[in-house]
Amino acid sequence: MGSSNDLRVLEITVISGEDLRINRKQPVKKNAFVTIKTDSFKEQTTKMDKDGGGYPAWDEKFVMDMPMHARYFTAEVRCKTAAGSRIVGTAVIPASDFLGDYVPENYLHFLSYRLWDCHGERNGILNLSVRVKSSSSVRNAYGGGCSSHSAGCSRPWSGIAVGGQQVSNGEGVVTGIPVWS
């Protein structure tokens, strides 16, 4: 198993689905759920939405490790039937959709993805949110955090002010260029 430096921590909230169908014709009647896979060994599954039919709502949050080298994670929408579990559709969520040079840490991305069935046909939409947890909030979540006044701890970035204005609460609004320390 790799060190924690080989992983990024994602907070993924599976929100809802839209227009889910079985065999591209019949709307899903009930018991839809979602499995999130960040690699072949890590997966989490929502509870079944027993009443939502083709428009289920889950609103379930997962905190999952994702390898730093991973370029995507997958979300698989399934429904439980009398014959077992059926795949309704799958979405591949590229890491580039929630990672970037200019995206601040802990930024919450609301994303919607087209689901594709096993025949390569469109089959509904999955709505979710993704947040890449900052290294300081990950340390705090795992008990290794520190306050801003502790020795050896620093803010994740500081800026060089290039403009600003005064706002009513007395705090300045500054536009700057991030300088990583």
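Two residues are taken to be in contact when heavy atoms of the two lie within 4.5 Å of each other. In the predicted model examined here, 56% of the contacts between residues at least 6 apart in sequence join residues at least 24 apart. The chain has 181 residues, of which 34% count as buried. Its exposed surface comes to about 11,600 Å², and carbon and sulfur atoms supply 52% of this area.

Strands S7 and S8 form a hairpin, with two residues between them. The two strands run antiparallel and are joined by ten bridges. Within this arrangement, Tyr72 stands opposite Pro94 of S8.

The largest nonpolar core contains 30 residues, and the members that touch the most others are Phe73, Phe98 and Leu126. Two or more residues of this core come from each of the strands S1 (7-18), S4 (32-39), S6, S7, S8 (84-94), S9 (108-116) and S10 (122-132). In soluble globular proteins, nonpolar side chains tend to be buried together. Apart from neighbours within four places in sequence, Phe98 is in contact with Leu10, Met66, Phe73, Ile93, His109, Val130 and Val132.

Two loop residues were then considered in turn. Thr46 is located in the loop that connects strand S5 (42-45) with strand S6 (57-67). The relative accessible area of Thr46 is 6%, and the residue is therefore classed as buried, since the cut-off for that class is under 20%. When neighbours within four places in sequence are set aside, the contacts of Thr46 are Val14, Phe33, Val34, Trp58, Glu60 and Phe62.

His69 is located in the loop between S6 and strand S7 (72-81). The relative accessibility of His69 is 67%, so this residue counts as exposed, the cut-off for that class being over 50%. The C-alpha atoms of His69 and Ala95 are separated by 9.8 Å, and the two residues are 26 positions apart along the chain. Thus Thr46 is a buried loop residue, whereas His69 is an exposed one.

Definitions and conventions. Residues numbered from 1 in each chain as written. Predicted model: local features only at pLDDT ≥ 70, side-chain atom pairs only at ≥ 80, totals over all residues. Heavy atoms only, no water. Helix = DSSP H or I, 4+ residues; strand = E, 2+ residues; numbered from the N terminus. Buried < 20%, exposed > 50% of the residue type's maximum accessible area, 1.4 Å probe, protein only. Core = buried A, V, L, I, M, F, W, Y, C linked by side-chain atoms within 4.5 Å. Pairing = 2+ DSSP bridges. Areas by Shrake-Rupley, 256 points an atom, 1.4 Å probe, with all protein chains shown as cover.
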